[in-house]
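Dear colleague,

Please find the structure below, together with its sequence. My notes on what was found in it follow.

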Amino acid sequence: MASALSDPSRSCAVLIGTHAYTELDDLPPVARNVSRLRELCCDPAVWGLADERCRVLRQASREVILKAVEDATVEATDTVVVYYAGHGLVDPRSGELHLALPCSQAGPSYTALRYEELRSVLLHPSGGRPTAPRTVVILDCCWSGLALDGLMQAPDVAPAVAVEGACVLTATAGTRQALAPPGEKYTAFTGELIRIVADGVPGRPALLSMAALFAELTAALTAKSRPLPQLSTRQTAGEICLFRNRAGATDARPVVEAAPSRVLVGPTAGGTGPSDGGMASSARVRVPFGEPEPDLPRLVPVALTETRTVGLGRYPVTHAQFGVFLRDPANARWHPAAARAAGTDVDDNYLAGWSGADFPAGRAEHPVVAVSFPAARAYLSWAGRRLGVPLRLPTAAEWERAARAGRSGEWWRAEITAGRVNFLGSHAALTPVGEFPPNPYNIGDLLGNVWDICVDDRGAPVLRGGAYDTPAARLREELSPRSPVECRGNVGFRCAGDM
């Protein structure tokens, strides 16, 4: 669930736009970007910043930019927002991101503003600590994904400052150029951001979190075959809400509860699914038959590296969700009796307790269990077509990184201590998803409740995470099913999808 709106009376924004250059191509849409964003930030129906708390810098020098950002970090006691649009440059020697200034040149990096300088001011204003617990940086420039490591790492800063509320949203990955499409009023990335904030998103809750903005931006830019944004957060920063949703639902429950997280602990193992898919729009998706059905799986974007983000199911697939799959006539072969009779993709324990597409009473929100590797993949293929995202099973490496949630050492002990694990020493029975709190990256039941079917680096099924009947000492075991068709009453699965 998203948190409260950032208090406009205690927050500050600095909107930086460099649209005209002496040595580089001009970017006229950038000037319109910052003007419209300022209108939205100051609109009480959207956020409600006072004029003096939303500073716009056009064609500013390095010194003016850094001073304005420092002033904002000193004044704000809730959230600091820094937005930059213009050319992005890469230092040919260090590979660092530089933000272009009016007189910047393509070669010499000293003519531009190092992103590291901006990061340093946000973390160390006047050599001290920021007063605002939350910081949001939005970069609309080429190679902007290079900034994703910066704000998240600060070994000499108090952990609460460096970790709790840091969020960086970029227009592209570190290897991609941003777009200013000819004839369009705004740049590609900021244009979609403005549209989402100005119009709102039907089906979303009353407040738009950074996670929700990222999911909507990804869907919109994917649909136009444009560079995909990247999001880097720490802890609950994905839940920061800067804007009210003008088309928001009246109830507080989002259709897609997603809090994206960045897990930068090295390259992921090779996946088995396609890598060019995008996160689907969060609008409610209904299957084209029968009465309105339960939601399809909810995806949490998890950035694994600067160039690769995976969407991971916030929870395992539930009985109700699998029932929707079985009620599609195209999937009749996966009904329990038919699948068992065929004897090729499941064993005799497949969907024990089900009758056709009907699951046991009272189990709608419980993870579906007793499914085989082929059955899980069939569901994911079907659900992916409806979400508009090619879905697959997570790799074991992806599961491990999401479960670790950026922590080192014996991180699973912290999960048990925090009461986030349904295992033999806690509830010791299958529970509905969401019964136990999610981990620091807002993903639930990664440890306990049901084993997750994953795939190893060869594409073979493996089990991770333990279940409701697993002793604490075995939650970290890495098991393999006896065969791909094995169906066990304590094994479920969740979705993954490349972005």
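Two strands are said to pair if DSSP finds at least two bridges between them. Helices (H or I, at least four residues) and strands (E, at least two) are DSSP runs, numbered from the N terminus. In the hairpin of S16 and S17, five residues lie between the strands, and Gly459 takes a positive phi near 90°.

Please note that this is a predicted model, in which local features need pLDDT of at least 70 and side-chain atom pairs count only at pLDDT 80 or more, while totals for chains, interfaces and linings use all residues. Residues are numbered from 1 along each chain as its sequence is written, and side-chain values use heavy atoms, with hydrogens and water left out.

The chain as a whole

The chain has eleven helices and 19 strands. Among contacts (heavy atoms within 4.5 Å) with a separation of 6 or more, 74% come from residues 24 or more positions apart.

The sheet around S16

Strands S17, S16 and S18 form, in the order S17-S16-S18, an open sheet with mixed pairing. Strand S17 (461-464) and strand S18 (491-492) stand at the edges with a single partner strand each, so one side of each is left without a neighbour in the sheet. S16 (residues 451-455) and S17 run antiparallel and are joined by four bridges; Ile453 has Leu463 in S17 as its bridge partner. Helix H10 (residues 396-404) packs on this sheet, touching S16 and S17, and its direction makes about 135° with that of S16. Such angles run from 0 to 180 degrees between N-to-C directions, with axes as lines fitted to C-alpha atoms, for helices over the stretch in contact.

In a regular strand the side chains alternate between the two faces of the sheet. Both faces of S17 are covered: Pro461 and Leu463 are buried on one side, and Val462 and Arg464 on the other.

Asn442 lies in the loop between helix H11 (411-417) and S16. Asn442 is buried, with a relative accessible area of 9%. Asn442 and Ala402 are 40 residues apart in sequence, and their C-alpha atoms are 9.6 Å apart in space.

Strands S8 and S10

Strand S8 (residues 166-170) runs antiparallel to S10, and four bridges join the two. Thr170 has Gln230 in S10 as its bridge partner. Strand S10 (residues 230-233) is covered on both faces, with Gln230 and Ser232 buried on one side and Leu231 and Thr233 on the other.

Helix packing

The axes of helix H1 (residues 28-42) and helix H5 (residues 188-199) come within 11 Å and cross at roughly 20°. From H1, Asn33, Arg36, Leu37 and Leu40 meet Thr190, Leu193, Ile194, Val197 and Ala198 in H5.

Eight of the nine residues of helix H7 (residues 319-327) are buried, so H7 is largely enclosed by the rest of the structure. Phe322 and Phe325 are among these buried residues. The buried residues of H7 pack against helix H9 (373-387).

With kind regards

Conventions
Buried < 20%, exposed > 50% of the residue type's maximum accessible area, 1.4 Å probe, protein only.
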